[in-house]
Number of protein chains: 2
Amino acid sequence: MITSTSNPKIKNIMNLKKKGKTRKEQDVFIVEGLKMFREAPKEHIVDTYVSADFYQKNRLLLQGIKVEIVDERVFQSVSDTKTPQGILSVVKQFHYCLHDLLGKEEPHLLLLENLQDPGNLGTILRTAEGAGVTGIFMSSDTVDIYNPKTIRSTMGSVYRMPFLYVEEFAGVIEKLKERDISVYAAHLKGPGFYDEQNYCTGTAFMVGNEGNGLSDEAAALADACIRIPMCGQVESLNAAVAASILMYEVLRQRRKK
Amino acid sequence: MITSTSNPKIKNIMNLKKKGKTRKEQDVFIVEGLKMFREAPKEHIVDTYVSADFYQKNRLLLQGIKVEIVDERVFQSVSDTKTPQGILSVVKQFHYCLHDLLGKEEPHLLLLENLQDPGNLGTILRTAEGAGVTGIFMSSDTVDIYNPKTIRSTMGSVYRMPFLYVEEFAGVIEKLKERDISVYAAHLKGPGFYDEQNYCTGTAFMVGNEGNGLSDEAAALADACIRIPMCGQVESLNAAVAASILMYEVLRQRRKK
């Protein structure tokens, strides 16, 4: 049993939670809680740590699984939550290629530019899986998808949603256009509304960051700019909300096809 | 100039930020930042505090406005953000009646049950204004709308969206039905999909909390249960995302009418 917060493994977990650089170097990330443990692809799980109390109560569940037992107080110190569930895993990062993101038939893609809020990114991944998105591109300045806050708000979708960080969108968009995928920029200046396009064939949405929306340079790469109408004095929508409305319009149209 | 964190006014602001009870007793709440100051109804502003630096840079803007100047370090200590904008106001709470929520023509309403995440509630208010919602009912166990995190994520919509906390939904729903407003429960078990109903006449959605969704008791009060389809292994959507998809389906239908 690990009984000290200065145990090297515990220190490493702390580092993996805090630093994207450490996660990248070790090619892993941290997930917390039973749901995240259960849904993790088994071949991606590197190590699993459980609190002494969790171990006592879940011996059956943990049968045949290699775990490290951690003192309650020490587990609390590495957990993100006030009342930790008592299970945490080190999981191997995912590595996708363009082909993985395009899915089988009609691709449904997101291109996220410079998103900064980890919770927003996680919520987008969760909704994206629900809406049948086939893959997510992110500009390299987007928040780290393996940030613990992002991971938590994906509710497991991080295991199943193919994604790629890209240096610039131009190259990607060229490839999308070669495959007849229409690219739409969610932009406040968009002349048309989001629900006036046909999304039944390959579709990609570019969505910008929380403070500034999509850059003009990125928007210029799109086939069309679209906007979500807003009543009242609202100047913009939350990035995850805007992305969700777009993604679900695609699903709505495709279900009715 | 206020130079100490033990100044009674500063102490009171800290209490107003932390405690819903104090906010209720004094019938006020705290807003931070220039946008929140500018959009606040003037007759609701009780007091405004600015940092010394903000005061220097914005004398013109503040002309004719009674402000208290606060030492930079003291301002930092009461601010929610790492780099505060330097302006904060004490604002009178809003008091609405049922009539205010029903709007003019076809009401578009939300009934939120036991929502717990302040950010989610704020995001819902923001999206609701954008989608043309006329009012929001919340069960009395919903998080306090005047929680600083909620206020911040409303981006000003808290000033314009009529809302009411209610002890129980049954009485409200009876009144809605008297006015021919259809009540839909967003429920994972809903037999029909959200986009198969006509929302062009008076519409109200009941949305449940983050962990458990809508209670069966609340769902039983609705005219119909509806659900948002979900692909993949997604079991539920974020509460603010689910509410947003529903609200924007209403706006989509009403725009096309």
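So, helix α7 of chain B, residues 118-130, and α11(B): their axes come within 9 Å and cross at roughly 15°. This is a predicted model, where local features need pLDDT of at least 70, side-chain atom pairs count only at pLDDT 80 or more, and totals for chains, interfaces and linings use all residues. Residues are numbered from 1 along each chain as its sequence is written, while chains are lettered from A and ligands numbered from 1 in the order in which they are written.

Helices here are DSSP runs of H or I, at least four residues, numbered from the N terminus. Axes are lines fitted to C-alpha atoms over the stretch in contact, with angles from 0 to 180 degrees between N-to-C directions. Under 35 degrees counts as roughly parallel, over 145 as roughly antiparallel, 65 to 115 as roughly perpendicular, and the rest as oblique. So α7(B) and α11(B) are roughly parallel.

Who touches whom? From α7(B), the contact includes B:Thr123 and B:Ile124, and from α11(B), B:Ala243 and B:Met247 are among the residues. Contact means C-beta atoms, placed from the backbone, within 7 Å. By class, that's 6 nonpolar, 4 polar and no charged residues.

Now across the chains. Helix α11 of chain A and helix α11 of chain B, residues 239-256 in each, have axes that come within 9 Å and cross at roughly 55°. That makes the pair oblique, therefore. Both helices use Ala240, Val241, Ser244, Ile245 and Tyr248, as A: residues in α11(A) and B: residues in α11(B).

How values were computed. Helix = DSSP H or I, 4+ residues; strand = E, 2+ residues; numbered from the N terminus. Contact = placed C-beta atoms within 7 Å. Nonpolar A, V, L, I, M, F, W, Y, C, P; charged D, E, K, R; others polar.
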